[in-house]
Amino acid sequence: MAHDGIAVLGLAAIPLVVALGVGLLLWFAVRRGSRPAALAAWTLAIALTAVAVVGFVTILIGVVVIPVGVLLIIACTRVASVNPRAPGQHS
């Protein structure tokens with residue numbers, strides 16, 4: 001923070017925003033059976049993990065973000081195993 005100022009907080013908040021987005025999308029996917037929401041959650045989780053791996057190589061923040069990405073991917077797999085309904089089917 002001494003070097004880059006308050007802008008660093010924006011960079012550090014990205015994993016939080018992505019995690020909240022994935023959580024909301026997974027909730028919507030389970031609640032409504034929305035396949036596009038589940039796909040968007042998968043995309044965000046994988047993108048965060050990929051960016052974290054690149055961040056690990058370039059700067060140290062990736063070490064903290066990689067577990068977040070892995071846990072989001074696990075959450076996506078759990079939702080996919082719980083809700084295997086095809087889109088358009090209603091229970």
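Student: Which elements each supply at least two residues of the lining of the second largest pocket?

Tutor: Happy to! The elements that each supply at least two residues of that lining are H1, H2 and H3. Before we go on, please keep in mind that this is a predicted model, where local features need pLDDT of at least 70, side-chain atom pairs count only at pLDDT 80 or more, and totals for chains, interfaces and linings use all residues. Residues are numbered from 1 along each chain as its sequence is written, and side-chain values use heavy atoms, leaving out hydrogens and water.

The protein chain has three helices and zero strands (DSSP runs numbered from the N terminus: H or I of at least four residues for helices, E of at least two for strands). From the N terminus on, its elements run α-α-α.

Now for the pocket itself. Rolling a probe the size of a water molecule over the atoms shows where empty space is left. A pocket is found on a 1 Å grid over the protein atoms alone: it is an open set of points where a 1.4 Å probe fits, with protein on both sides within 12 Å along at least five of seven lines, and its lining residues have an atom within 4 Å of a point. The second largest pocket has a volume of about 180 Å³, which is the space filled by probe spheres set on the points, joined across faces, edges and corners.

H2 gives the most to the lining, with five residues. Among the lining residues are Leu11, Pro15, Leu48, Ala52, Gly62 and Val65. The lining divides into ten nonpolar, two polar and no charged residues. Here Ala, Val, Leu, Ile, Met, Phe, Trp, Tyr, Cys and Pro count as nonpolar, Asp, Glu, Lys and Arg as charged, and the others, Gly among them, as polar.

Leaving aside neighbours within four places in sequence, Ala52 is in contact (heavy atoms within 4.5 Å) with Gly62, Val65 and Ile66. Of these, Gly62 and Val65 also line the pocket.

Ala52 and Val65 also belong to the largest nonpolar core, which has eleven residues in all. Such a core is a set of buried Ala, Val, Leu, Ile, Met, Phe, Trp, Tyr and Cys residues joined through side-chain atoms within 4.5 Å. Buried means under 20% relative accessible area with a 1.4 Å probe, counting protein chains only; exposed is over 50%, and partly exposed is in between. Helix H1 (7-32), helix H2 (35-58) and helix H3 (62-82) each give two or more residues to this core. In soluble globular proteins, nonpolar side chains tend to be buried together.

Ala12 is partly exposed because its relative accessible area is 43%. Ala12 and Val64 are 52 residues apart in sequence, yet 9.8 Å apart in space, C-alpha to C-alpha.

Finally, how far can you trust the picture? The protein chain averages a pLDDT (the predictor's confidence in each residue, from 0 to 100) of 84, and 87% of the residues score at least 70. Over residues 86-91 the pLDDT is below 50, and beyond near neighbours in sequence this stretch has four contacts in the model. Where pLDDT is low, the predicted coordinates should not be read in detail. Confidence is highest in H2, at a mean of 91, and lowest in H3, at 88.
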